[in-house]
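Please look through the sequence and the structure shown here.

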Amino acid sequence: MPVRVPTLFSALVMALVMLGLVSLSHSAEPLTLAAAVDRTLRNNPDLAVLPTRKLEQSARIELAGLRPQLALDAQLENAFGSGNYRDLDGAETSLSLSQVIELGDQRRKRLAAARGTMDSLELAQTVAQLDAVAETTRRYIELASEEQQRTLATEWLAAVQRKTSEVERRVKAARDPEVELVRARIDLSRAELGVRVAADRVRIAQRKLAAMWGAMEPDFERIDADLFDLPNIETLQQRTEKIANSADFLLFATEIRQREAEVALAKAQARASITVSAGIRRLEATGDQALVAGFSMPLTSARYGKPRIAEAQARREGLERERDAALIKARASLFEVAARLRHAVEEAQTLRDDLIPRMDTAVKATEYAWQRGRYGYIELTEAQREQLALRLALITAATNAHLYRIEIERLTGD
């Protein structure tokens, strides 16, 4: 994703911030999921490592494409001896150039192996981006869940405060015993603690989300998420067919091709390379010069190449088996997660559309009866707690449904 170039004004503001002359306040606009993902793709610390690895591999590709270096060889013989070879009187000086000639098209195959690694890095970057996007979405959903729980805790506190005020009035009027007020105040303290805990959990979730784009502090106050907009349930067959074409399994295919290139390179390197040389020799005793030439090649090179070929072939076969095993596990995981998604959506729909509305009606009736003395404090509190439990269950089920959807999309590469 292209990086946006800051304007002169924004660059000036950032410079002032770094100097401590200006401070940035939290954005008043809610943070959308698209904005969170965009920030992650541009600034995630883990993703910043991959371009460096690609630069390293580009250098290796350039190196792999170079021909063997030309070597300069200088020799001095029959010097600083005795008799006719005293000092340099009978010396022979040779100066020659040598060149390795690679057989078996080694340079092309070496380049193919290096370029295969670059292809793997390209796909690895795509996989890393998908992982980062999935993790950002998870943390976004978890923050939405924490915000809903904070809202529920605040509403519960307000309900307990109203109930406590009513109990105080009833105790003063001698309609209820003093113990009812003690119970109400205990519930009030617990509700106040619940609000503080919920607020802390929201701040923790905000920090975890902001960490995805390398921020030490969240630069937003709230997000724009509808937790109860439940995901659709697609047929399992549609999803299963997408697994083999996901980036994870395309990466397997690329790496298998790379291993095949390594096998071809190992076979090419098993063929002996020839070194030829040519130069001039000077004989000091006579002052004459002569041409020298040489030729060399290793013996039994095929014997030493067989282990390299066997190693490369084993790595390729091992990767193919690893891909097949991973595909089986991914399909099994998809089946399991799809079932969990279906159950979570059904549970959330049942809670939202049936159980909670009926429980709300029951709580209103119980509160009406309590105000008229037909029910006691314990009966009302128990009904309200059941109502609270159902609403918490709805938040949990909706959260799980979205998290399962994210897992399915990650498995299929959507």
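What follows is a short walk through this model.

This is a predicted model, in which local features need pLDDT of at least 70 and side-chain atom pairs count only at pLDDT 80 or more, while totals for chains, interfaces and linings use all residues. Residues are numbered from 1 along each chain as its sequence is written, and side-chain values use heavy atoms, with hydrogens and water left out.

Confidence comes first. The mean pLDDT (the predictor's confidence in each residue, from 0 to 100) is 76 for the protein, and 60% of its residues reach 70 or more. Helices here are DSSP runs of H or I with at least four residues, numbered from the N terminus. Helix α1 (residues 8-18) has the lowest confidence, with a mean of 37, whereas α5 has the highest, at 94. Over residues 1-25 the pLDDT stays under 50, and the model has 10 contacts beyond four places in sequence for this stretch; contact means heavy atoms within 4.5 Å.

Next comes helix packing. Two packed helices are described by the angle between their axes and the distance between the axes. For α5 and helix α9 (residues 377-412), the angle is about 20 degrees and the axes are 11 Å apart. Axes are lines fitted to C-alpha atoms, for helices over the stretch in contact, with angles from 0 to 180 degrees between N-to-C directions. The two helices α5 and α9 are therefore roughly parallel, a term for angles under 35 degrees. On the α5 side Glu180, Arg183, Ala184, Asp187 and Arg190 take part, and they meet Tyr377, Ile378, Thr381 and Arg385 of α9.

Asp187 belongs to helix α5, which spans residues 178-210. Is Asp187 buried or exposed? With a relative accessible area of 9%, Asp187 is buried (under 20%; exposed is over 50% and partly exposed in between, with a 1.4 Å probe and protein chains only). Beyond its neighbours within four places in sequence, Asp187 touches Val160, Tyr377, Thr381 and Arg385.

Ala174 lies in the loop between α4 (106-172) and α5. Although Ala174 is not a glycine, its phi is positive, at about 65 degrees. Its relative accessibility is 67%, so Ala174 counts as exposed.

Arg39 lies over the face of Trp213, 5.3 Å from the ring centre. The charged end of Arg170 sits over the ring of Trp370, at 4.6 Å from its centre. The criterion is CZ of Arg or NZ of Lys within 6 Å of the ring centre and within 35 degrees of the ring normal.

Methods: Parallel < 35°, antiparallel > 145°, perpendicular 65-115°, else oblique.
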